[in-house]
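Colleague: I am new to this structure, and I would like to ask what stands behind the terms used for it.

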Amino acid sequence: MSKWQLIPLGELTTVVSGSTPKTTIAEYWNGENNWVTPAELDDTVIVINETKRKITDKAIIDTGLKRLPIGTVLLSSRAPIGKVAITGAEMYCNQGIKSLVCSERIYNKYLYWFLKGKTDLLNSLGRGATFKEISKTIVENILVPLSPIEIQYHIAETLDTTAELLTLRKQQLAELGNLIKSTF
């Protein structure tokens, strides 16, 4: 059995930073292109297929935003640090997200679950006086335990199943709570 290696994230992914097109320029907004912010990353969503705000092609060209392919892992890098999701559609992001385009060496769902379990570490890496933020360089230097790809798939599948079971259990407990309330 081979040993797992600790590999810097920058060797396993391409880290892409986003930006915000000027909100004062009307022709940048209400377009057809998904534009995601940290506010849309929450604990109930693993895959984001649609964003609340949309930008135009002009905004993309003028701002120099990079298109994120399907399967990109999104990591909020400020306000708050450590929220994660995976793109289910092509999209662009603001400066509060570091986007991780995975190489063939790392399975995106494995990386998602790894980062999801490292919120405290990610927050401890934050720098800044006004508000904490993790830079692109900091993200690129995060060490990831890299196992063979088939093991990554197995780990991610196990954690997906566990998350589904937890969601079902929470729903059952809520329904039981409602039953108790309605009884009395």
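**Sheet and helices**

Modeller: In strand E9, Ser-99 is the bridge partner of Val-16. The model is predicted, so local features need pLDDT of at least 70 and side-chain atom pairs pLDDT 80 or more, while totals for chains, interfaces and linings use all residues. Residues are numbered from 1 along each chain as its sequence is written, and side-chain values use heavy atoms, without hydrogens and water.

Colleague: What makes E2 and E9 a pair?

Modeller: Two strands pair if DSSP finds at least two bridges between them; five bridges join E2 to E9 (residues 97-102), and the two run antiparallel.

Colleague: Why are E2 and E4 said to stand at the edges?

Modeller: The open sheet of five strands has the order E2-E9-E6-E7-E4, with mixed pairing. Strand E2 (13-17) and strand E4 (47-48) each have a single partner strand, so one side of each is left without a neighbour in the sheet.

Colleague: Why are H3 and H6 called oblique to each other?

Modeller: The axes of H3 (residues 108-116) and H6 (residues 149-183) cross at roughly 60°. Angles under 35 degrees count as roughly parallel, over 145 as roughly antiparallel, 65 to 115 as roughly perpendicular and the rest as oblique, and H3 and H6 are therefore oblique.

Colleague: Which residues make the contact between H3 and H6?

Modeller: With contact meaning heavy atoms within 4.5 Å, Lys-109, Tyr-110 and Trp-113 of H3 meet residues of H6 including Gln-152, Ile-155 and Asp-160.

Terms used
Axes fitted to C-alpha atoms, helices over the stretch in contact; angles between N-to-C directions. Helix = DSSP H or I, 4+ residues; strand = E, 2+ residues; numbered from the N terminus.
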